[in-house]
Amino acid sequence: MARILITGGAGFIGSHLCERFLEEGDDVICMDNFRTSTPDNIAHLFANRRFMFIEQDVTTYIYVKGPLDAILHFASPASPVDYHELPIPTLKVGSLGLAKEKNARFLLASTSEVYGDPLVHPQNEEYWGNVNPIGPRGVYDEAKRFAEALTMAYHRAHGVETRIVRIFNTHGPRMRLNDGRVVPNFISQALGGEPLTVYGDGSQTRSFCYVSDLVEGMVRLLRSDYTGPVNCGNPQEVTILEFARTIIRLSGSKSPIVFRPLPEDDPKVRQPDIARARKLLGWEPRVGLEEGLRRTIAFFGEKLRRPA
C-alpha cells in the first residue's frame with residue numbers, strides 16, 4: 001500500500017489514475033482547482049475511505065500533511081483552448097518542491113508537444129524537437145520542456161526519484177465536450193449533425209491511444225527504475241482526414257467535412273516510437289483505435305443526451 005498524490009486528479013487522465021491506484025489498495029490524494037476539470041469525474045470516488053480531495057491551485061505553495069510515496073503531476077492545461085486562455089498558469093504549474101520535501105517519487109506528465117513540429121519521424125526520446133518558443137503554442141510546448149529540465153535538475157541536484165512520461169494523443173471517457181482538441185471536436189460535431197472541421201487539407205497525422213492503455217504504461221513507468229523520458233502512445237498513425245471519416249462512420253453520422261486554414265505551428269506529423277517503453281516496461285497499447293473510439297463516442301453520446 002502506498003500514499004499517492006495526483007495533482008490535476010479530477011481531470012480526464014488524472015481521474016482514471018485515481019481509480020487505478022484505489023483499485024490496487026493505495027491511498028489517493030486528489031488535488032485540483034477544477035479550472036479545466038469537473039467534480040463529476042471524481043464524484044464516485046468520495047465514498048472510498050482511501051480517497052481524499054484537496055481543492056487547490058498548484059501554482060501556489062502546496063502542503064500535504066503526512067508522508068507521501070509518490071506524486072504524479074498532471075495539473076496543467078493541455079488543450080489549445082485552455083493554454084491560450086491560461087498562458088501564465090500553464091508556465092507556472094509545478095510540485096517538485098513537495099516531492100523533495102516528502103522524499104517521494106515524482107512522475108511528470110509531459111507531452112509529445114515537446115517535439116514541436118518534428119523533423120524526425122516517428123519521434124523517439126532522443127529527438128530534441130523543433131519548437132517555436134514565441135509562437136502561439138509556445139506557452140504549452142516550452143512549459144513542458146522547462147518542466148522536464150526542472151525535473152531532471154531536481155533528480156541530479158537533490159536526488160529526487162523522477163519519472164517523465166511523454167503523452168501522445170489520448171482519448172476515452174471523461175474528456176471534456178468543449179476541450180478544443182480533435183477527438184472531442186469531431187465526436188461532438190458528428191453526434192450533433194454539424195460539419196466536422198478539418199484544418200489544412202487533413203494530411204497531417206496523429207496517433208491516438210486509449211486512456212486505459214496510457215494509464216497502464218504510466219503505472220509501469222512509475223514502478224520502474226528509469227529516470228529519463230518515455231513515450232506513451234499508440235504508434236498506429238492516421239491522417240486527420242481519415243480520422244474524421246472514421247468518426248463519422250462509427251457514430252452513424254451524416255455530417256459533411258469542411259476545411260479551414262491550418263493554425264500556426266500545427267504539427268504536420270505525430271507518431272510515437274515506443275521501442276523504449278516496450279523494452280523497459282514491457283508495455284504496448286492493447287485497445288485498437290476503433291474499439292477505443294466506440295467507447296469514447298458512447299460516453300459523448302450519453303453526456304450530450306443528459307439534461308444540463
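Q: Two strands count as paired if DSSP finds at least two bridges between them; with that in mind, which residue of S2 stands opposite Ile-6?

A: The model is a predicted one, and in it Ile-6 stands opposite Cys-30 in S2. Strand S1 (residues 3–7) and strand S2 (residues 27–32) are joined by five bridges and pair in the parallel sense.

Q: Which other strand does S1 run parallel to, and how many bridges join them?

A: Strand S4 (residues 70–73) also runs parallel to S1, and four bridges join these two strands. In this pairing, Thr-7 stands opposite His-73.

Q: Where does Asp-26 lie, and what is the nearest side chain of opposite charge?

A: Asp-26 sits in the loop between H1 and S2. A salt bridge requires a side-chain nitrogen of Lys or Arg within 4 Å of a carboxyl oxygen of Asp or Glu. Asp-26 is buried yet has no salt bridge, the nearest side chain of opposite charge being that of Arg-223, 4.6 Å away. If residues up to four places away in sequence are not counted, Asp-26 touches Met-1, Ala-2, Ile-4, Phe-21 and Arg-50.

Q: What span should helix H10 have, and what separates its end C-alpha atoms?

A: Helix H10 (residues 289–305) has 17 residues and should span 24 Å at 1.5 Å a residue, which agrees with the 24 Å between its end C-alpha atoms. Among its buried residues are Leu-289, Gly-292, Leu-293, Thr-296 and Phe-300. The buried residues of H10 pack against several elements, including strand S7 (170–171), helix H6 (182–191) and helix H8 (240–251).

Q: How many residues of H6 are buried, and what covers them?

A: Seven of the 10 residues of H6 are buried, so this helix is largely enclosed by the rest of the structure. The buried residues include Val-182, Pro-184, Phe-186 and Ile-187, and the elements covering the buried residues of H6 include S7, strand S8 (196–199), H8 and H10. H6 is followed by Gly-193, which has a positive phi, near 70 degrees.

Q: Which residues have a positive phi although they are not glycine?

A: Asn-103 is one of them, with a phi of about 55 degrees; Asn-103 lies in the loop between helix H4 (96–102) and S5, and at 70% relative accessibility it counts as exposed. Asp-265 also has a positive phi, of about 65 degrees; its place is in the loop between S13 and helix H9 (275–281), and with a relative accessible area of 28% Asp-265 is partly exposed.

Q: Where is the cis peptide bond that involves Pro-122?

A: The cis bond runs from His-121 to Pro-122, with omega near -10 degrees, and Pro-122 is found in the loop between strand S5 (105–111) and helix H5 (138–158).

Q: What accessibility does Phe-259 have, and which residues is it in contact with?

A: Phe-259 lies in strand S13 (residues 257–260), and at 43% relative accessibility it counts as partly exposed. Leaving aside neighbours within four places in sequence, Phe-259 is in contact with Val-198, Gly-200, Asp-201 and Leu-241.

Notes
Residues numbered from 1 in each chain as written. Predicted model: local features only at pLDDT ≥ 70, side-chain atom pairs only at ≥ 80, totals over all residues. Heavy atoms only, no water. Expected span 1.5 Å × (residues − 1). Buried < 20%, exposed > 50% of the residue type's maximum accessible area, 1.4 Å probe, protein only. Contact = heavy atoms within 4.5 Å. Pairing = 2+ DSSP bridges. Lys, Arg positive; Asp, Glu negative; His and termini not counted.
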